[in-house]
Amino acid sequence: MIRSVRGVHDILPAEAGKWRRVEHAAREVFEAYGYEEIRLPLFERTELFARGIGEATDIVQKEMYTFEDRSGESVTLRPEATAGLLRAYIEHGLHVLPKPVKLYTLGPMFRYERPQAGRYRQFHQLDVEALGDEHAALDAEVIAMLVELFRRLGLADRLTVEVNSLGDEATACRPRYRAELVRYLGANAARLCEECRERAERNPLRVLDCKRPECRPVLDGAPALGAFLCADCTTHFARTREYLDALGVRHLVSPRLVRGLDYYVRTTFELTTTELGAQNAVAGGGRYDGLIKLLGGPPDPGIGFAVGVERVVQLLPDAGPAAAGERRPRVFLVPLGEAALARVLPVATALRARGVVVEVGHGDRKLGRELERAGKLGVSRAVIVGDAELERGEALVKEMQSGAQRPVKLAGLVEELLALGGPA
Ligand SMILES: [Zn+2]
Ligand SMILES: [Zn+2]
């Protein structure tokens, strides 16, 4: 037997309904806020991610699926969606559209991570980006939309909205903070884990993410970014929070919330839960005002988020038996013999065209076995056509629940079955 590759997973039919629920809710909510879908390739030139995510990040250094294609070009399976989406925004000149340009996409992402519970090498995200607008009201709207998605899924009460401001690169606030943090981490290096010591050099803000207990005392004592924010960043953050209040979004300021990627500035946010162990963020995002320019586009600001679909699905309750049976066949056509099969096939086609879920036997089994199968499938009605019925131009319609059966003219069978509707 050939098994699946380590760290990937199948979404079996029993689970697929939950996935569809999440995707359906996402489309409804995002589109209500004026977002349009964009579909993107699963792989891009490697340099796009190196530049767009940052050479110094764990993702680019250790986690990308990178390979040379047959022409020798280096390509990478996307580890996240933002870089590819911005590439498309620039390449197709979408920045000439009225701003903010609001886009969403969904699909698989790929990272070579150590497999552990709830973490996969092929995982799925809903990704949203609003481009070309830096107003704090947009930041609040984006966060409110994310919360609305979880409200729609019945999960809002189980999640906490955490927000922070990371300052910006253009004014001195972020560089000044970074320098101070590097100094502090250097002075306390001996009390940090090896990973933190290494990160302190190449990606110091990320050190604050470390979850190891031995690092907590040092990290809890680290200088907080808030104290370093410039006047503009302070105002932007304060206004974002005012708009969140106006939108009725309860939120918590988390001074240590920094996100893993280099390009985030100003507003950053996460939706967290205590129900998934250490993997506590279900969704997260932030503002990345310099990134479009860095990728060769216009100096447009941007803000967005990604939702981890596997984690959302984990939080969703199992659908009841009714929901699981939504697409169960309603009618089972049971032809007995070749001639009967030829006669019922157009009936199946006509019913399916009207939205009825129909199962058809192949005509080569005994009636008893077919009825047994109909029972297992949970259909409400079996329609039996044998040689005797064919001769009379009739079919036998059998109610599976009661066992009652009666003849119906083949000529009017489709209309009769449609009129009968769902389970009696
Ligand atoms: Zn650490
Ligand atoms: Zn600033």
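Me: Where is the place of Pro-100?
Reply: This is a predicted model, in which local features need pLDDT of at least 70, side-chain atom pairs count only at pLDDT 80 or more, and totals for chains, interfaces and linings use all residues. Residues are numbered from 1 along each chain as its sequence is written, while chains are lettered from A and ligands numbered from 1 in the order in which they are written. Helices (H or I, at least four residues) and strands (E, at least two) are DSSP runs, numbered from the N terminus. In these terms, Pro-100 is placed in the loop between helix H4 (82–91) and strand S5 (101–110).

Me: What is the peptide bond from Lys-99 to Pro-100, cis or trans?
Reply: Most peptide bonds are trans. The bond from Lys-99 to Pro-100 has omega near 0°, and is cis.

Me: Which phi does Arg-266 have, and is Arg-266 buried or exposed?
Reply: Arg-266 is placed in strand S9 (residues 265–272). Although Arg-266 is not a glycine, its phi is positive, at about 50°. A residue is buried if 20 or more other C-beta atoms, placed from the backbone, lie within 10 Å of its own, exposed if 12 or fewer, and partly exposed in between. Because Arg-266 has 26 C-beta neighbours inside 10 Å, this residue counts as buried.

Me: Into which domains is the chain divided, and what separates their centres?
Reply: The bounds come from an automatic or database domain assignment. They give domain 1 (13–171 + 230–315) and domain 2 (328–416). Taken over C-alpha atoms, the centres of domain 1 and domain 2 are separated by 50 Å.

Me: At what angle do the axes of H5 and H10 cross, and which hand has the crossing?
Reply: Axes are lines fitted to C-alpha atoms, for helices over the stretch in contact, and angles run from 0 to 180 degrees between N-to-C directions. Helix H5 (residues 136–152) and helix H10 (residues 231–246) have axes that come within 8 Å and cross at roughly 45°; H5 and H10 are therefore oblique to each other, where under 35 degrees is roughly parallel, over 145 roughly antiparallel, 65 to 115 roughly perpendicular and the rest oblique. A crossing is left-handed if the near helix is turned anticlockwise from the far one by less than a right angle, and right-handed if clockwise. For H5 and H10, the crossing is right-handed.

Me: Which residues of H1 and H5 meet, and what classes does their contact have?
Reply: The axes of helix H1 (residues 13–32) and H5 come within 9 Å and cross at roughly 140°, which makes H1 oblique to H5. This crossing is right-handed. Ala-25, Ala-26, Val-29 and Phe-30 of H1 meet Met-145, Glu-148, Leu-149 and Arg-152 of H5. By class, the contact of H1 with H5 has six nonpolar, no polar and two charged residues.

Me: How do the residues of the contact of H14 with H17 divide?
Reply: Helix H14 (residues 338–353) and helix H17 (residues 413–420) pack at about 40°, their axes 10 Å apart, which makes H14 oblique to H17. The crossing of H14 and H17 is right-handed. Val-347, Ala-350 and Leu-351 of H14 make the contact with Leu-413, Val-414 and Leu-417 of H17. The residues of this contact divide into six nonpolar, no polar and no charged.

Me: Which residues does Pro-329 touch, not counting residues up to four places away in sequence?
Reply: Pro-329 is placed in the loop between helix H13 (321–324) and strand S12 (331–335). Because 18 C-beta neighbours lie inside 10 Å, Pro-329 counts as partly exposed. Apart from residues up to four places away in sequence, Pro-329 touches Val-357, Val-358, Glu-359, Leu-377 and Val-379.

Me: Is Asp-387 buried or exposed?
Reply: Asp-387 lies in helix H16 (residues 387–392). Its C-alpha atom is separated by 7.6 Å from that of Gly-337, 50 residues apart along the chain. With 10 C-beta neighbours inside 10 Å, Asp-387 counts as exposed.

Definitions and conventions:
Two residues are in contact if their C-beta atoms, placed from the backbone, lie within 7 Å. Ala, Val, Leu, Ile, Met, Phe, Trp, Tyr, Cys and Pro count as nonpolar, Asp, Glu, Lys and Arg as charged, and the others, Gly among them, as polar.
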